[in-house]
Protein chains: 2
Amino acid sequence: MECVVSLCKCWRPVCLCLFSTMFRFRVGSKQCALPTPKMTENGLGHREKVLNMNTMNPNVKRVEYAVRGPIVQRAVQIEKELKEGVKKPFSEVIKANIGDAHAMGQKPITFFRQVVALCAYPDLLEDNKFPDDAKNRARRILQSCGGGSLGAYSASTGIEVIRQDVARYIEKRDGGIPSNPDNIYLSTGASDAIVTMLKLLTSGEGKTRSGVMISIPQYPLYSAALAELAAVQISYYLDEDKCWGLDVSELRRAVEAAREHCKPRALCIINPGNPTGQVQSRQCIEDVIRFAAEERLFLMADEVYQDNVYAEGCQFHSFKKVLFEMGPEYSNTVELASFHSTSKCYMGECGFRGGYMEVINMDPQVKLQLTKLVSVRLCPPIPGQVLLDLVVNPPRPDEPSYATFIKERTANLEILAEKAKLTEQIFNTVSGIRCNPVQGAMYTFPRLTLPEKAIAAAKGQAPDMFYCMKLLEETGICLVPGSGFGQRDGTHHFRMTILPATEKLKIVLENIRAFHKRFTEEFS
Amino acid sequence: MECVVSLCKCWRPVCLCLFSTMFRFRVGSKQCALPTPKMTENGLGHREKVLNMNTMNPNVKRVEYAVRGPIVQRAVQIEKELKEGVKKPFSEVIKANIGDAHAMGQKPITFFRQVVALCAYPDLLEDNKFPDDAKNRARRILQSCGGGSLGAYSASTGIEVIRQDVARYIEKRDGGIPSNPDNIYLSTGASDAIVTMLKLLTSGEGKTRSGVMISIPQYPLYSAALAELAAVQISYYLDEDKCWGLDVSELRRAVEAAREHCKPRALCIINPGNPTGQVQSRQCIEDVIRFAAEERLFLMADEVYQDNVYAEGCQFHSFKKVLFEMGPEYSNTVELASFHSTSKCYMGECGFRGGYMEVINMDPQVKLQLTKLVSVRLCPPIPGQVLLDLVVNPPRPDEPSYATFIKERTANLEILAEKAKLTEQIFNTVSGIRCNPVQGAMYTFPRLTLPEKAIAAAKGQAPDMFYCMKLLEETGICLVPGSGFGQRDGTHHFRMTILPATEKLKIVLENIRAFHKRFTEEFS
């Protein structure tokens, strides 16, 4: 399903030797894309391309995105080989590399899809098979669309009634703290809004260049966007020994070191955590807000996993709520953008690319600039806006679809909680794998103890990349090496989603256990 | 439906005096966003914002996007005033500012929406009301989606079968010239792909900074993207006296002048033209390709209006086809990206944000970088991908939906052709308005003769902005001033879509005629 291309050149250079033998290149030409041939004009008509590796945008070259990196490309190729009948020690590739719930078999929420279908093809509004609440919802949305059609552009910030529904959702979530629809910007998934905010925040040159603090390990959208914008990445480390907790002293260390070479302007938090699965305590969030206020940092809170909290004693607290509960000294001053998406939680509707951000205390003139900036792309996709509306405004207790909705939502979240526990339990029985509790989100980021000989055998490439590639070749399980997210030097990890169906997840975990044992023995 | 914000600060500064009295600001605070207050920390707790007009990205400040600029914001406000019962000399706002066919009453193609509904809610596959071809199409698409769901991510370049369908569509369109699915990148509307290509093409500093040639008048996505990327805009003028034709000597003048201050790298063409509605001849396209080859420019062909050709003797020729017909000297060397979309033509499905680009002769390594870059945003919205698949692979003559499809498509295109003619005819009866034939696309860009006194009364703001704002206030008709697209100094224009329903369009044209007469008399 994915195109077969290799990203060796954009990956860590150390992997090149491995990939060049592993991959066959099928992009435009049959030839291997490595190394860069130095072409010049000559009498034979061989002309250097206008757009080549030397003339292209150097910031783009620096972008890395491990979640769809070389391991995934190899996984796609293996899938094709399996289809073509190539013999492998396994019968299918299991992609536990990306938080893609539907691809792993999770079913859509019936009500959501009914309303989308009704909006797409309004003739169905006459159909008796659809419940009245779905029809009412569809009618209301269509009335807010130009010409009553999903095919019209919306306002660039999103359909007004949907922005109002988002504001009401946030108010309810946060115990009544007011939310203004004028502060809501709908987006093409959360990624779009995050990149837009980072874009606004990037300025300066040399030592005045904007610096943005991101956690390590991080979700590589952040490092990729910062590379593209040529902003400075300021890394702060989460504490693996404290369940991937965030310590303000580490934030302070990082920002102080950074001030010597850039102008720190923003602090990004992912809560619940990706790839680490931790859930921040209320106290921790307060500390972070106080730190942002003291250090004059714009806060970006990536809260797309807000419904994905599994561990006992853990609870999701939005940055907005904590900020407002800290009183006017903070709630009137600290600038915050928080992000949500249709892609995660219990619905997992990644393909619709729905999302929003809420901005708090943003300079009114900057807001006008933000509105102008998003208008250049016209509007977020309308089906994604519709999906988002249903997420923030699901069936109410007095409506006919309520019971089914609650049943489906609860089942999805319970199964995820069960799989979170299962993952932690099984990994922690493996000697050489140490796994923090998966408190939330959809991932585990266990630490690997790798033998010295394995590190030597990796021949300079990231040892966890070597490990994951071998795992893929031997078992068909596709994970992302920890090096793609960042980790403390000398440590090794992988990220695995907890999304495969329970029975399949058990097999995956058992296969990783067996592989780890073999791997350790082979290199001991 | 659109949020009420004013973009005065990003608009030409000369308009500020007008807007500051005209607009009430409702963004976050009630205060007017003009002018920039210079805030500093003081004992009263007034702190400068972290993100303010001085610290924000200066490139974003330079972005302008007239199609959704201040006139449109004012139009939205007037709509609200009408709803609130404010008396106006008209009863509705008619938005002829944006190519948004469904908002203007065009109906969706039945087959397209049936398939989208079936994909969104596959229970409908059991419903007898849907024709078999729609069901087959939906089944085929769902089989290519992860987990059989629109909610799964696709490959970042798009769903593989859809890319194959796009390639077949291009082959058929271009008389059999081969198209490789590996060269097809699906996108979030054409805008997304255009910005991505411009991003790849931007590099260098000072005199080596990338320059990109764009037509004047232009579609402001281009100038906006170049401003954001801090690339150099190289303007070449279309010849209004030759029906907005493109002359290679003008391209040469522009590129030679530009070489003194930047490194010209790319040439953007919009054909059929936006905002000018011209359709390029085959000869013209050949000349442009030869010029691009000689001057070593990457060609970007924006062909989103490829079905919108109305004038007798005019025909759409794709750049790809002409390039390949020119022989291997060109077809093996000239680098080309061409763009298409679901938003225009006969379908007008803007809200789905579907599109693709085909890249020809792209450096294989740059292609890997392109694939990596698009992977950071995960994938284009799946419903938009589905819509695109239907556009490139509509019902076949032996299928049950064929007759209705052809009827709907033909009707939409015939009505557009009729309105194109009507617009030209009526405008050309008005003394002081001169209008080229609307050969294609969805717009007319007539030239206005404005009295000297009107120009003086505009008090330094663009006279056509003054004209359009007055038109809006007096008639409720929302157009975009020519100054938002660029025009030769001393000339004045507006862009109007031909999309209002025929009877309404007649009224619009009559009202503009009457307004123009009044305006001319008032300022004579």
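Begin by selecting Tyr305(A) and Tyr443(A): both residues are buried in this predicted model. A search of the whole structure finds 30 aromatic pairs over all chains. In the pair made by Tyr305(A) and Tyr443(A), the ring centres are 5.7 Å apart and the planes meet at 85°, so the arrangement is edge-to-face. Colour the chain by secondary structure next. Tyr305(A) belongs to the loop between β6 (298–302) and α11 (319–325), whereas Tyr443(A) belongs to strand β10 (residues 443–444), so their pairing ties together parts of chain A that are 138 residues apart in sequence.

Now move to chain B and select Phe519(B) and Phe523(B). These two rings form a tilted aromatic pair, 4.9 Å from centre to centre with 50° between the planes. Both residues are buried.

Return to chain A and display one aromatic cluster, formed by Phe427(A), Phe466(A), Tyr467(A), Phe494(A), Phe515(A), Phe519(A) and Phe523(A).

Charged groups over rings come next. Select Arg495(B), whose charged end sits over the ring of Tyr443(B), 4.0 Å from the ring centre. Then select Lys320(B): its charged end sits over the ring of Phe324(B), 5.6 Å from the centre.

Highlight residues 128–511 of chain A, which UniProt lists, in an unreviewed entry, as "domain: Aminotransferase class I/classII large". Over this stretch the chain is 42% helix and 16% strand, and the end C-alpha atoms lie 49 Å apart.

Finally, show both chains. A rotation of 180° with 0.0 Å of shift along its axis superposes chain B on chain A, with an RMSD of 0.0 Å. This is the relation of a two-fold axis. Select Ala117(B), whose C-alpha is the nearest to the axis in chain B, at 2.1 Å. The same surface serves both copies, as 100% of the contact residues of chain B recur in chain A.

Conventions:
Residues are numbered from 1 along each chain as its sequence is written. Chains are lettered from A and ligands numbered from 1 in the order in which they are written. This is a predicted model: local features need pLDDT of at least 70, side-chain atom pairs count only at pLDDT 80 or more; totals for chains, interfaces and linings use all residues. Side-chain values use heavy atoms; hydrogens and water are left out. Copies are superposed by least squares on the C-alpha atoms of residues with pLDDT of at least 70 in both. Contact means heavy atoms within 4.5 Å. UniProt positions are given in the numbering used here, feature names are shortened, and annotations may be inferred rather than shown by experiment. Helices (H or I, at least four residues) and strands (E, at least two) are DSSP runs, numbered from the N terminus. Rings of Phe, Tyr and Trp (its six-membered ring) pair if their centres lie within 6.5 Å; planes under 30 degrees apart count as stacked, over 60 as edge-to-face and the rest as tilted. Buried means under 20% relative accessible area, exposed over 50%, partly exposed in between (1.4 Å probe, protein chains only). A charge sits over a ring if NZ of Lys or CZ of Arg is within 6 Å of the ring centre and within 35 degrees of the ring normal.
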